[in-house]
Amino acid sequence: MAGLAESFRNIWKVEELRQRIMYTLGLFVVYRIGAYVTLPGVDAQVLSDVTAQGGDAGLFGFLDMFVGGAFLQAGIFALGIMPYITAAIIIQLMGAVVPYFQKLKREGEEGRRKITQITRYLTVGITSLQSIGYAINLQYGATGSAIVIGPTLFMVTTVIVLTSGTVFVMWLGERISEDGIGNGISLLITIGIIAFLPNAVINEFNLTNNFFIFLLEIGMWTLITGGIVLVSQGIRRIPVQYAKRVVGRKVYGGTTQYLPIRVNAAGVMPIIFAQSIMFIPSTVAAFFPESPFMQNMGAWFSDISGFGYSFVFFFMTFFFTYFYTAITVNPKEMADTMKRQGGFIPGIRPGKQTSEFIDNILTRVTLPGSIFLGFVAILPAFAMQAGVSQGFAMFFGGTSLLIIVQVTLDTLQQIESHLLMRHYDGFMKSGKMRGRRG
């Protein structure tokens, strides 16, 4: 504990790091305030009463967690950053099959800027469509009594305000990534999730009425968190031998190093991608309130504790783990870099054979990681079937817990890198964080 306290004191000794953290916290406050600003034309008190009668609200309650409570409160940030995540998924999928996007990816920094700009425009389009569905749901659902202005005016203002709100949240995330600390988009999602944690724990304790059962749930929660940390930091090390090189009077190389292949190389993104896709059917169903088929489909995808939803969610997470790993880890590029630096894997020829060897290792290592992610994604459904309340079950595993763990680890690694650059000890004096070595 003393070492951890010393690490936190060192953070405030580094002026740049201190400013980045304070800047990030300031933008968090702005984001949380926006969650409580109600849309124009909505009676906040009536809406609150209707929402309270609706209980956990199924999938809508799940989505509400990702936007910090703004969804069910009809806040100006009700759609949060999820449309941006959906747009990013579409662009990355197109990058794998559309030549134009493949060309942009090869153009370096200029190409990345163009892709980012296209993603922003697509985010606006997706948000506009989701805003229409959200407005229809508010008007013609149980919350219709909370609307105090005409339907046409409400539709227009809602689309404009929600689209502007998502664009503003996207800008906040980019500012945090540029001038703050950590990945801004992921941090905003994490802050919205953490905002629900205290109430979820208190409500679970009140509903359980059995202190032993409550302690058992906390113990299981702790074990699951430890398992997620273990898998997230797990790596498969491939030995790489570097030949000796004489440059002037100095000798370089001649040592054995290791190429780290992470068990979960995709990080938190597969489960975010899968969750974004799972929101689409219920959003589309909102456009067809008179269609029994669409309403049944929306209800099927809204039952987050049901077998069907869990089955689809598991395989979506499994697929996106492989997909995101394939587009972010390039074995051919790793083999070419190794060859240029005079490195080789013992027993493997440089070039194509090295690339195939790395790809084979990556495929096998990703398999347990993808199965684990899929299992973690559907843990809340098992928890709810076991009697845990939906609010606390969301933290018992699934997207919420995984995002919190992954984003916290990534942010701590960034903070540690700032400390190490200025010759301060990191958070773990005996060996540093394993993720840093990766």
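1. Let's start with S355. In this predicted model, S355 counts as buried because its relative accessibility is 15%, and the cut-off for buried is under 20%. The residue sits in helix α16, which spans residues 352-377. If you want to see what surrounds S355, look for P331, K332 and A335, which are its contacts once neighbours within four places in sequence are left aside.

2. Setting aside neighbours within four places in sequence, L362 is in contact with I261, T325, V329 and P331.

3. Which residues touch the most other members of the largest nonpolar core? They are I85 and I189, in a core of 79 residues. Not counting residues up to four places away in sequence, I85 touches I185, I189, I272, F273 and S276. Apart from this core lies another, of 13 residues, and L259, M338, I358 and I361 are among them. As general background, nonpolar side chains tend to be buried together in soluble globular proteins.

4. A helix pair worth a look is α5 (residues 82-97) with α7 (residues 109-140): they pack at an angle of about 125 degrees, and their axes are 8 Å apart. That angle is why α5 is described as oblique to α7. The crossing of α5 past α7 is right-handed.

5. Which residues bring these two helices together? From α5 come P83, Y84, T86, A87, A88, I90 and I91. Their partners in α7 are I115, I118, T119, L122, T123, I126, T127 and Q130. Sorted by class, the contact of α5 with α7 comprises ten nonpolar and five polar residues, with no charged ones.

6. Finally, the whole chain. The protein has 20 helices and five strands. Of its 438 residues, 45% are buried. How much of the contact set links residues 24 or more positions apart? Such pairs account for 69% of the contacts with a separation of 6 or more.

Key
Residues are numbered from 1 along each chain as its sequence is written. This is a predicted model: local features need pLDDT of at least 70, side-chain atom pairs count only at pLDDT 80 or more; totals for chains, interfaces and linings use all residues. Side-chain values use heavy atoms; hydrogens and water are left out. A nonpolar core is a set of buried Ala, Val, Leu, Ile, Met, Phe, Trp, Tyr and Cys residues joined through side-chain atoms within 4.5 Å. Buried means under 20% relative accessible area, exposed over 50%, partly exposed in between (1.4 Å probe, protein chains only). Contact means heavy atoms within 4.5 Å. Axes are lines fitted to C-alpha atoms, for helices over the stretch in contact, and angles run from 0 to 180 degrees between N-to-C directions. Helices (H or I, at least four residues) and strands (E, at least two) are DSSP runs, numbered from the N terminus. Angles under 35 degrees count as roughly parallel, over 145 as roughly antiparallel, 65 to 115 as roughly perpendicular and the rest as oblique. A crossing is left-handed if the near helix is turned anticlockwise from the far one by less than a right angle, and right-handed if clockwise. Ala, Val, Leu, Ile, Met, Phe, Trp, Tyr, Cys and Pro count as nonpolar, Asp, Glu, Lys and Arg as charged, and the others, Gly among them, as polar.
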